[in-house]
Amino acid sequence: MNEYDSELVRAILSEAGYSFTEDAQLADVVMLNTCSVRENAHRKVYGLIHDIRHGHKGKPVVIGILGCMATGLRKELIDNKSLGLDFVVGPDSYKRLPEILRDVFEKHGQGYDVTLSEFETYSDIYPTRTGGVNAWVAVMRGCNNFCSFCIVPFTRGRERSRSVENVLDEVKRLIGEGFQQVTLLGQNVNSYHHEGQDFAALLEAVSRIDGIRRIRFTSPHPKDFPESLIRVVGENPKICKHIHLPLQSGNDRILGLMNRHYTATGYLNLVEKIRKVCPSAALTTDIIVGFPTEIAGEFEDTVRVMKAVEFDSAFMFKYSPRPNTQAARELKDDVSEDEKTSRIMRINTLQSDISLKKNKARVGTIEEVLIEDVEKAKGGVAYARNDVNKVVALPAGNFQIGDFMSVRIIRATPHQLKGEIIS
Ligand code: SF4
């Protein structure tokens, strides 16, 4: 979502007459588009601000913070004199950036706007994309779920969706620019709804656009996965058969404390329904270990669900409290660091074995891949993705980024497939 938002910011500032450089040393203004999900992200950002200011020889540079940290840490960012930030702008206020920057330059004061909006969807801004084979398209913003460990509802506000027509206009324009793959984005993408149209209807409408070959989406919430959505994903050939379905925990008490609105059984039933309609679907997930009060037996429930589902891959985290979340306010972070480490190592090994088994099962199959990157050095390697979002490494050949190629899978590791070109 931040990559997409950076593209929105580019469009807004280009319209206002700004041009861009990737080299912070050359810039008059540096903006850091921040995320609050990872632990200690703010320390990294503070270090980066220091490096930019001190590496910037010659004229002074104007530095601003955008994104979730702007809303989540607004007071600290604005008051911290040693950071010396010139502006702090939250995810719903990017249209005000030209005005805020003008004030910073003319009045030499500090600019900020961290207001959260119930309506802002940026549906009137066409993002300035900078290449690649995939175009992100945010179809909804914000989140109403308030998972107890998550800061997003506080930093990005309530859910709001763009109209189907508005999303279709953007995708048609992207096709005209040569994109063949879009990823529909939202903090809780499958809770998309606009004037009676739900996410399944949106996916179908996007798939009817001429020229679109692949549609991906992220991230759905298990509680918003009706049969109609499963059917569209399973039956529509343009919708990639990859579903990222965050589990977080396999224990019902912990899921309750996390405020996730499903049980382990409910989750497993959903997986069964998905696999019935769409047996080729790759499932990936997010898991948190060591949530406050999680005892060993409850962690074992997570292991059990992982073994039952056999995810293709998983993002696995040790719990750490995020300031101002419900879990940080109400629950003591009482699982020891050693215990969290031992639990995460255990599921890392488990998942690695499962991923390898899943990937090995693809050896010998013929797959269509989209070339994403070509490294010409040392004989050349190309990286592509198959329909289920797995990376396939190939020897560089007579093809370019953006080409669809047919490949035979010849080797597998837990994180990657290796292939050879057929045509
Ligand atoms: S669904 Fe939960 S984890 Fe995802 S953004 Fe919303 S509150 Fe955060």
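Residues are numbered from 1 along each chain as its sequence is written. Because the model is predicted, local features need pLDDT of at least 70 and side-chain atom pairs count only at pLDDT 80 or more, while totals for chains, interfaces and linings use all residues.

The chain is assigned domain 1 (2–113) and domain 2 (366–421), with bounds from an automatic or database assignment. Their C-alpha centres lie 37 Å apart.

The ligand is surrounded by Cys143, Asn145, Phe146, Cys147, Cys150, Val152, Pro153, Gln187, Asn188 and His221 (C-beta atom, placed from the backbone, within 6 Å of the ligand). This shell has 6 nonpolar, 4 polar and no charged residues. Ala, Val, Leu, Ile, Met, Phe, Trp, Tyr, Cys and Pro count as nonpolar, Asp, Glu, Lys and Arg as charged, and the others, Gly among them, as polar.

Helices α9 (227–235) and α11 (264–277) pack at about 35°, with axes 9 Å apart. Helices are DSSP runs of H or I, at least four residues, and strands are E runs of at least two, numbered from the N terminus. Axes are lines fitted to C-alpha atoms over the stretch in contact, and angles run from 0 to 180 degrees between N-to-C directions. Ile230, Arg231 and Gly234 in α9 meet Lys273, Ile274 and Val277 in α11 (C-beta atoms, placed from the backbone, within 7 Å).

Phenylalanine 291 sits in the loop between β13 (282–289) and α12 (296–309). It counts as buried because 27 other C-beta atoms lie within 10 Å (buried, 20 or more; exposed, 12 or fewer; partly exposed, in between).

Terms used. Two residues are in contact if their C-beta atoms, placed from the backbone, lie within 7 Å.
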